[in-house]
Amino acid sequence: TGGISEAFLEAMPRLYSLDLSWNDLNGSIPVISNAALRKIDVSHNNLDGELIDQFDIFAANQDLGISSELDISDNAFCGPLPSIFYDLIMDAQYYIYSFSTEANHFRCEKAGNNEYFDTWAFGLSHDFGRCVPIPVISSVTNSDLIQPGDEVMLAGEFIETTRGWCLFTFEDRDEEVRAVYYSPSRVGCTLPDDAPIGTATVTVSHYCQDFASTETLSEFAEIEFQIELEKVEDGDVGTSSSKKTKVDKSVVAWAVAAAILALCAMAFIGFILKRERSGNPLFKPLQQTENPIHLEDDSNKGVDGIDLKVHDIYEGQRNL
């Protein structure tokens, strides 16, 4: 695990063959300056970054007719395809016997319409693997109200990756944050909490710093958006309020009200129990009457001289 340090290589000046394949190495690769080194295999690791001049000295030290190898396949190298690769394949002075570069993330070029490597790679029989297109951003989809700390949702053309980056450009600085892939047409970029209010631009990369720009795309439009503070009802601008803060405050208010009601209910129940235990209950049960009332009305006469009498139901039931 870990990376490859330049000091590690310099400690072995007569090193002829270096095989670090199938490890969990990460980070960038240093300049290879060992004069005797003829074989390098760092395949199947997690090395990344752009390859600029790391293999220039290695290429210059190769001798025609002497077996030499370079295998950097199955890593995460990115950026443009290094021109030294052309020399290693085509130039007799730098000719290398075995050369593997596939399964990396070298970007597609502007001249290749964001679909192919640069034109010099077309005429070679070597398989450089598939290039990675530059993201194409069409718009910001949630531009109505964007505040510091919010996620900026971008529409466009993207590939699935966990190594993407977003580059925000503010008036006073640039800042990179991790991009979140949602679909081939949508990614998200979260603004820093201290992002300044005002106009900002955003661009995206799939790997490393291969951001969409005029240098990487033949057709590029800068994506601008506004960072604002939320406006309150009286028209003033809140200094630190947001929708999330308002929601949180309302939830807290309801919770406090519910807690107060619960305490009142518990206090009332406690008062009732105390009265019951003292023999002076708050609510007394109804008492039955010892002498039920006997109702009789001799003045009520029915039809055709028939007397109507109303007797108490309870007394009638008792006489049965």
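**Close-up views of pockets, cavities and strands**

**View 1. The lining of the second largest pocket.** Asp48, Gly49, Ala76, Arg163, Trp165, Arg178, Tyr207, Cys208 and Gln209 line the second largest pocket, and the space that lies in this pocket comes to about 160 Å³. The model is predicted, with local features needing pLDDT of at least 70 and side-chain atom pairs pLDDT 80 or more, while totals for chains, interfaces and linings use all residues. Residues are numbered from 1 along each chain as its sequence is written, and side-chain values use heavy atoms, without hydrogens and water. On a 1 Å grid over the protein atoms alone, a pocket is an open set of points with protein on both sides within 12 Å along at least five of seven lines, a cavity is a set where a 1.4 Å probe fits but cannot get out, and lining residues have an atom within 4 Å of a point. A volume is the space filled by probe spheres set on the points, which are joined across faces, edges and corners.

**View 2. The largest pocket and the residues closest to its centre.** The volume of the largest pocket is about 270 Å³. Its lining is made up of 16 residues, of which Asn113, Asn114, Val136, Glu157 and Leu217 are the closest to the centre of the pocket.

View 3. Strands (E, at least two residues) and helices (H or I, at least four) are DSSP runs numbered from the N terminus, and the protein chain has 15 strands and five helices.

**View 4. The second largest cavity.** About 40 Å³ of space lies in the second largest cavity, which is lined by His105, Arg107, Val132, Pro133, Ile134, Pro135, His206, Tyr207 and Asp210.

View 5. Across the 320 residues of the protein chain, buried residues make up 35%. Strand β14 pairs (at least two DSSP bridges) in the antiparallel sense with β11 (residues 165–169) over five bridges, and in this pairing leucine 167 stands opposite threonine 203 of β14. With β15 (residues 223–227), β14 also pairs in the antiparallel sense over five bridges, and here alanine 200 stands opposite phenylalanine 225 of β15.

**View 6. The open four-stranded sheet and its edge strand β1.** The four strands of this open sheet follow the order β1-β3-β5-β7 and pair in parallel. Strands β1 (17–19) and β7 (98–100) form the edges, each pairing on one side only. Three bridges connect β1 to β3 (residues 39–41) in the parallel sense, and leucine 18 is found opposite isoleucine 40 of β3.

Notes: Buried < 20%, exposed > 50% of the residue type's maximum accessible area, 1.4 Å probe, protein only.
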